[in-house]
Amino acid sequence: MNEELPEIARDDEWAPLVIRTDYTDDSVWREVIAELSRAAGAREWESPAHLVDDRRWNGVTSDEAGCSAG
């Protein structure tokens, strides 16, 4: 990967971070967003997920992003 990744700024550091890295199927991404919304709505104590939908992340692996996957 040659391009520098954009910085992710978020208000709530405790909110789960979900970065879209695959742009081959928009309907699957919408399903992910819908499921995260349903899950957050069911548990009032949980912060909503911070979603990153930026094509500069397309194809980036967790190793390239410098984060742990799991």
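These notebook entries record what I looked up in one predicted model.

**Entry 1: Confidence**

I began with the confidence of the prediction. The mean pLDDT of the chain is 82, and 80% of the residues reach 70 or more. I then compared the elements: confidence is highest in β1, at a mean of 91, and lowest in α2, at 83. I noted a caution for my own reading: where pLDDT is low, the predicted coordinates should not be read in detail.

**Entry 2: Overall layout**

I next looked up the secondary structure. The chain holds 2 helices and 2 strands, and their order from the N terminus is β-α-β-α. I recorded that 14% of the 70 residues count as buried. The accessible surface of the chain is about 5,600 Å², and carbon and sulfur atoms supply 47% of that surface. I also checked the contacts between residues with a separation of 6 or more: 75% of them join residues 24 or more positions apart.

How many salt bridges does the model have? I found a count of 4. I recalled the general principle that side chains of opposite charge can pair when their charged atoms come close.

I examined Arg20 and found a salt bridge to Asp26, with an N to O distance of 2.7 Å. Is Arg20 buried or exposed? Arg20 is buried, because its relative accessible area is 5% and the cut-off for buried is under 20%. Asp26 is partly exposed, at 41% relative accessibility.

Arg20 also forms a salt bridge with Asp53, at 3.7 Å from N to O. Which parts of the chain does this pair tie together? Asp53 lies in the loop between β2 (50-52) and α2 (62-65), whereas Arg20 lies in the loop between β1 (17-19) and α1 (26-42). The pair therefore ties together parts that are 33 residues apart in sequence. Asp53 is partly exposed, with a relative accessible area of 47%.

I turned to Glu35 and Arg38, whose side chains meet in a salt bridge of 2.7 Å, N to O. Both residues lie in helix α1, and they are 3 residues apart, about one turn of the helix. Glu35 is partly exposed, at 45%. Arg38 counts as exposed, because its relative accessibility is 52% and exposed means over 50%.

I then returned to the shared partners: salt bridges join Arg20, Asp26 and Asp53 into one network.

**Entry 3: Pro6**

Last, I looked up Pro6, which is found in the segment before β1. Pro6 is buried, with a relative accessible area of 15%. Which residues does Pro6 contact, leaving aside its neighbours within four places in sequence? I found Asp54, Arg56 and Trp57.

Conventions: Residues numbered from 1 in each chain as written. Heavy atoms only, no water. Buried < 20%, exposed > 50% of the residue type's maximum accessible area, 1.4 Å probe, protein only. Helix = DSSP H or I, 4+ residues; strand = E, 2+ residues; numbered from the N terminus. Contact = heavy atoms within 4.5 Å. Areas by Shrake-Rupley, 256 points an atom, 1.4 Å probe, with all protein chains shown as cover. pLDDT = per-residue confidence, 0-100.
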